[in-house]
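Let's take a walk through this fold, one packing arrangement at a time. Keep the structure open as you read.

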Amino acid sequence: MNLTIENILLVGSLLLFVSIIVGKTSYKFGVPTLLLFLTIGMLAGSDGIGGINFDNPQIAQFIGIVSLNFILFSGGLDTNWTSVKPILREGLVLSTLGVLLTALSLGTFVWFVTDFTIYESMLLGSIVSSTDAAAVFSILRSKNLALKTNLRPTLELESGSNDPMAYVLTIAFLTLVINQDQSIASIIPLFFQQMILGGIVGFAFGKLSKFIINKIKLDFEGLYPVLVIALMFITFSATDFVGGNGFLAIYICAVYLGNQDLIHKKTILKMYDGLAWLMQIVLFLTLGLLVFPSQIIPYFGIGMIISLFLIIVARPVSVFLSLMFFKMRLKRRFYISWVGLRGAVPIVFATYPLLAGIDKANMIFNIVFFISVTSVLIQGTTLSIVAKWLNVALPEKAKKVTEIDKLILELPKSSLQEFEVLPHFHAVNKRIVDLNFPKSAFIVMIKRNGEYIRPGGSTELEAKDILMVLADSQDDFAKVVDSIQAK
């Protein structure tokens, strides 16, 4: 079947529906949903029962980049700075040095066991060098896995921030494969340019985005998530335009926004949670359609050898070397080594050699696809088992509820109190979003002139307003009083 304008919506919606229904029950059998989405795409493709003819790496790459924007931005919004701050150095070292060591060690191994040139080997190693944000976020959260002592924030920070490093290495070694006369030294300036500009522009756009979201007055609450989508794509494209790393920029921008007081923040977070899932499904379905299973079979042997080396040797070695100067128990290092999931991101990066038209592009793509599938299948299905075996898992009842969970899930508070806004208070004529309320306290209703008003972040308080506040503790109520009265 050839995809046309007339049938693409029908086929797409049916694939999406089947993916959601199948994904709903997949974890009963211990199979990650992302692998199911990929399998459905393969079954619907040219070699499958669907017979859909899709062989366009350029469109797949475009869909991949758009999807990664949403996935990384959603992961950044969900990143709690309080949880991340204690392990910031470990996470950043893993996402930079760890990725580099993985790429170099795996590339060297590929060079020894194949007829690839050294640059082609390093290109393959670079493509699969980062852990996949979509796979890690999805599997950790779907399994509802509680881990000890900052282990989960470390894994999520690494997976959310290491794609930029892998992207830079991929582009750099692809350049060397195409231009054999260039030296490795020639790609060093590219690395620093991408990472430094990506970080600076991402943080700058985070602050600018907060200002725009809180200052602009839109008539409808539903427009605020749309505004954030526009800001996300502007951040990515503007960073790329000036020569920075767009993936790093949008992640940093999202982390900043996720830890600020924003108007209609709950609405924005809920929408991005749904969009991240949608983009994960679309991404894996697209990549499943793009691959031809019959072309992967000849690379089964070499693919399995490379995949096992990555899982058993390259990833653990890079983790242990990266964390050698940090205090961390051996069991936790082993678990971080095991959660080296490869998913959609390496497959998206593998489309770059295809579009560049290098000699071994098709072979690289098929090997990368095999590595991603085996990684999700082997590591993704055993995260809970290995966590219990290494004694790094917490009982479900001991799992901490994050501030993001409290905001999105609308968990009940322990008590309700009323506060009157007196004429001399600081809060008079101020918007709620500008008052720096404690994150665990909410104004659920405002009584004004005998009428009840449902507040939002943009609601301005007036003298003699009576605020009905829900909070967890008396300390939170004391902070509320400080926020309302403080000059």
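**How the helices pack**

H11 crosses H13 in a right-handed way, meaning that the near helix is turned clockwise from the far one by less than a right angle. Helices here are DSSP runs (H or I, at least four residues), numbered from the N terminus. On the H11 side, the contact (heavy atoms within 4.5 Å) uses Tyr 224, Pro 225, Val 228, Ile 229 and Met 232; H13 brings in Thr 267, Ile 268, Met 271, Tyr 272 and Leu 275. By class, that makes 9 nonpolar, 1 polar and no charged residues.

A word on the source: this is a predicted model, where local features need pLDDT of at least 70 and side-chain atom pairs count only at pLDDT 80 or more, while totals for chains, interfaces and linings use all residues. Residues are numbered from 1 along each chain as its sequence is written, and side-chain values use heavy atoms, with hydrogens and water left out.

Beyond its neighbours within four places in sequence, Phe 73 touches several residues, including Val 228, Met 232 and Tyr 272.

What about helix H6 (residues 118–127)? It is largely enclosed by the rest of the structure, because 9 of its 10 residues are buried (under 20% relative accessible area, with a 1.4 Å probe and protein chains only). Those buried residues pack against H5, H9, H15, H17, H18 and H19.

How values were computed
Helices (H or I, at least four residues) and strands (E, at least two) are DSSP runs, numbered from the N terminus. Ala, Val, Leu, Ile, Met, Phe, Trp, Tyr, Cys and Pro count as nonpolar, Asp, Glu, Lys and Arg as charged, and the others, Gly among them, as polar. Buried means under 20% relative accessible area, exposed over 50%, partly exposed in between (1.4 Å probe, protein chains only).
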